[in-house]
Amino acid sequence: MQINLKYFGFVSLLLPFLFFSCNKTQDTKPNCVISQKNPLKKTPMKVVSVSPAVTEILFALDCGDRLIGRTDFCNYPPEAKNIKSIGGINNTNLEEVIKLKPDLVITSSIFTKKMFQTIEDAGIPIISFRETNTIEGLYETIEMLGEVMDKETKAKSIIDSFKEDLKNVKIKRDSVQKIRKTTTLPKVYYVVGFGQMGDFSAGKNTFINEIITLAQGDNIAKESLNWSFSKEEIFANQPDYIFIRKEDSAQFVKTHPYTQLKAVKENKVFGIESNLMDILSPRTIKAIEFISEKISD
């Protein structure tokens, strides 16, 4: 199996491009950097998003109609594909962005310092969000975008709904554990990559680990480093349940030696939509609910 870098999620994709230090031209917030060279003077009505997570949040805030540019990876909701693409995340077509004359450009931390400064020098306001590995960080991002887009009430509603859904997940899982008379959490393995090039999963400093934890599962790869998790470790930990991207599940269950895993033999390997696990957004609750439901069966 060839490992596609995008499968590692936008939180850790292309490590050399992780965000730069702030300087005097930037205003630092808890999870973002705002250029002070070109301060926002009004609510932005023409926005370019250089982050799939930001694009999803903007649509959730009912601001999708303000987007005039998005990346090739911004494919949710489906109508996002109707918006003009400005290229990738770390290789954005900056000339095209500038030509669109947006009121605001919003990026992730994969956006390089040089690219950030190019947008600044063009006189365009820009905000760059640091990648977050926690649900609390997601709340902060939604809240901040709510303020910027003059959608504070909607942002609060999204956050409150997420928190309520999380409570319901825990109530259901607690009920299952009570019926089964156990406090032991099911062992879960999430497949990021597998095959001849190695095995990869999500460690404790990732939001994927938090997704599994909030679903009331025990991530067997939580102590792994740099996404690497050997076959020996997989078999030593024998996961009760395995989750993998839908597009990879059929190949995984037919590939040796994974066919010898207990979860594979017991048909407890479940495919999940890629973007639900790869992008931290309001839809992340669906990933938590999906895993919780499967490990409760």
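Helices (H or I, at least four residues) and strands (E, at least two) are DSSP runs, numbered from the N terminus, and contact means heavy atoms within 4.5 Å. The structure described here is a predicted model, in which local features need a pLDDT of at least 70 and side-chain atom pairs count only at pLDDT 80 or more, while totals for chains, interfaces and linings use all residues. Residues are numbered from 1 along each chain as its sequence is written, and side-chain values use heavy atoms, with hydrogens and water left out.

The protein chain contains 11 helices and 10 strands. Of its 297 residues, 54% are buried (under 20% relative accessible area, with exposed over 50% and partly exposed in between; 1.4 Å probe, protein chains only). Among contacts between residues at least 6 apart in sequence, 61% join residues at least 24 apart. The average pLDDT, the predictor's confidence in each residue from 0 to 100, is 88 for the protein chain, and 90% of the residues score at least 70. Over residues 1-28, however, the pLDDT is below 50, although this stretch has 80 contacts in the model beyond near neighbours in sequence.

Two packed helices are described by the angle between their axes and the distance between the axes. Axes are lines fitted to C-alpha atoms, for helices over the stretch in contact, and angles run from 0 to 180 degrees between N-to-C directions. Helix H1 (residues 52-60) packs against helix H4 (residues 135-148) at an angle of about 60 degrees, and their axes lie 10 Å apart. H1 is therefore oblique to H4 (angles under 35 degrees count as roughly parallel, over 145 as roughly antiparallel, 65 to 115 as roughly perpendicular and the rest as oblique). Val54, Ile57 and Leu58 of H1 make the contact with Leu138, Thr141, Ile142 and Leu145 of H4.

In helix H6 (residues 207-214), the buried residues are Phe207, Ile208, Asn209, Ile211 and Ile212. Their cover includes strands E7 (187-191) and E8 (218-219), together with helices H10 (274-278) and H11 (284-296). Just after H6, Gln216 takes a positive phi of about 70 degrees.

Gln238 is placed in the loop between helix H7 (231-237) and strand E9 (241-245). This residue is partly exposed, with a relative accessible area of 23%. Not counting residues up to four places away in sequence, Gln238 touches Lys187, Leu261 and Lys262. Lys187 is 51 residues from Gln238 along the chain, and the C-alpha atoms of the two are separated by 7.7 Å.
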